[in-house]
Amino acid sequence: MQNRSPHLSVLYHEIILALSPKSPGFYVDATVGAGGHAWGILEASGPQGKLLGLDLDPQALALACQRLAVYGERAILRQASYTTLRTQLAGLAWKEVQGIVLDLGVSSMQLDTAGRGFSFQADGPLDMRFSPEQPTTAADLVNHLSEQDLADLIWRYGEEPQSRRFARAIVGARPIHTTLQLAEVILKAAGGRHQRNHPATRTFQGLRIAVNRELDSIEEVLPQAIQALAPGGRLAVISFHSLEDRIVKQYFRRESRDCICPPGQPVCTCGHQASVRDIDRHGITASEAEIGENPRARSARLRIVEKLELA
Ligand SMILES: C[S@@+](CC[C@H](N)C(=O)[O-])C[C@H]1O[C@@H](n2cnc3c(N)ncnc32)[C@H](O)[C@@H]1O
């Protein structure tokens with residue numbers, strides 16, 4: 001049963017089942033957000049299991065702090081990027097951990113707070129930073145990138161087929177300061193019509209990924225997470241779009257193989273050794289019941305690996 005929260009944790013039961021937290025174990029929620037998954041891990045690993053929760057967002061962390069206060073010293077929370085996982089664990093002298101969860105992307109609280117600038121459902125400043133300490137906002141990118149660089153960003157991180165047309169329209173409408181201003185410029189460039197999704201959806205995704213260096217961060221954390229696991233420990237990653245999922249899938253596939261030589265090479269020369277076992281090759285998606293309750297769960301995919309004994 002999930003504790004009450006402004007953010008409904010996606011694939012909550014699947015995460016708890018995947019990690020099967022036990023007392024006394026060490027666990028990391030590297031994207032603690034409102035503390036939903038963390039709460040479940042602390043409940044299941046009582047009375048002695050410990051959890052380190054990380055988040056870049058001080059507002060999310062304040063909420064997690066409040067919710068997890070009942071667990072006292074069992075819950076340790078830090079405002080930090082998950083890319084610093086190795087350093088954070090060293091600081092606590094935790095040599096290895098039994099489970100790590102990464103629930104990527106943006107929370108409902110962040111999306112629903114107009115002042116954070118993640119969404120065009122309400123007007124707000126074009127910000128999109130997970131942490132106010134990050135140097136670059138979405139407005140900086142929108143107003144200062146060249147048309148070519150903006151088009152590349154929208155194409156690469158938003159997978160937007162009309163990236164060139166949208167970049168041209170944005171450059172022509174500068175300066176753009178708010179989410180609704182940007183959404184309107186894109187709607188007009190798209191011909192003023194839309195079907196299921198607003199035409200600005202992919203551009204907003206692209207900007208958010210670029211502002212927060214999200215894909216680079218995932219690439220940085222995965223090796224650290226696998227290295228931190230104790231034999232038999234598990235890493236569970238929830239992604240919300242194909243760009244994130246591709247990185248996770250390819251990394252898990254590579255790390256679960258003994259040889260990563262190019263296909264067709266007659267003799268192995270790479271010396272690579274599998275460090276993990278892939279628990280579900282295709283990933284786990286949300287049930288219709290969960291999607292009914294929380295439409296955000298529709299695009300979620302959970303991938304899990306388990307550290308091998310000899311790795
Ligand atoms: C989907 S929410 C997590 C929700 C959480 N699992 C729960 O159950 O409440 C994702 C969180 O990851 C955080 N985040 C994004 N990038 C991060 C990074 N590089 N390091 C740490 N936290 C990050 C966001 O600020 C956001 O709060």
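User: Where is the place of Pro47?

Analyst: This is a predicted model. Pro47 sits in the loop between helix H2 (36-44) and strand E2 (50-55). The peptide bond that joins Gly46 to Pro47 is cis, with omega at about 5°.

User: Which phi value does Ser20 have, and where is Ser20 found?

Analyst: Ser20 is not a glycine, yet its phi is positive, about 35°. Ser20 belongs to the loop between helix H1 (12-19) and strand E1 (26-29). With 33% relative accessibility, Ser20 counts as partly exposed. Arg213 is another residue other than glycine with a positive phi, near 50°. The loop that holds Arg213 runs between helix H10 (201-211) and helix H11 (214-228). Arg213 has a relative accessible area of 43% and is partly exposed.

User: Is Ile186 buried or exposed?

Analyst: Ile186 has a value of 1%, so it is buried. This residue is part of helix H9 (residues 179-189). Not counting residues up to four places away in sequence, Ile186 touches Phe166, Ile170, Pro199, Ala200 and Thr203. Leu19 and Ile186 are 167 residues apart in sequence, and their C-alpha atoms are 43 Å apart in space.

User: Why does His241 count as buried at 14%?

Analyst: The cut-off is again under 20%, and His241 has a relative accessible area of 14%, so His241 is buried. His241 lies in the loop between strand E5 (229-239) and helix H12 (242-255). Leaving aside neighbours within four places in sequence, His241 is in contact with Gln205, Arg208 and Ile209.

User: Where is Asp280 found, and how far is it from Cys261?

Analyst: Asp280 is in the loop between strand E6 (276-278) and strand E7 (284-285). Its relative accessible area is 28%, which counts as partly exposed. Asp280 and Cys261 are 19 residues apart along the chain, and 23 Å separates their C-alpha atoms.

User: How many disulfides are there?

Analyst: A disulfide is a covalent bond between the sulfur atoms of two cysteines. Here the count comes to zero. Cys270 is in no disulfide, and the nearest cysteine sulfur, that of Cys268, is 3.7 Å away. Cys270 is partly exposed, with a relative accessible area of 31%.

User: What does the secondary structure of the chain come to?

Analyst: The chain has 13 helices and eight strands. Its radius of gyration is 20 Å, close to the 19 Å that the globule rule gives for 311 residues, so the chain is as compact as a globular protein of that length. Buried residues make up 53% of the 311 residues.

Definitions and conventions. Residues are numbered from 1 along each chain as its sequence is written. This is a predicted model: local features need pLDDT of at least 70, side-chain atom pairs count only at pLDDT 80 or more; totals for chains, interfaces and linings use all residues. Side-chain values use heavy atoms; hydrogens and water are left out. Helices (H or I, at least four residues) and strands (E, at least two) are DSSP runs, numbered from the N terminus. The radius of gyration is taken over C-alpha atoms; the globule rule is 2.2 Å times the number of residues to the power 0.38. Buried means under 20% relative accessible area, exposed over 50%, partly exposed in between (1.4 Å probe, protein chains only). A disulfide is a pair of cysteine sulfur atoms within 2.5 Å. Contact means heavy atoms within 4.5 Å.
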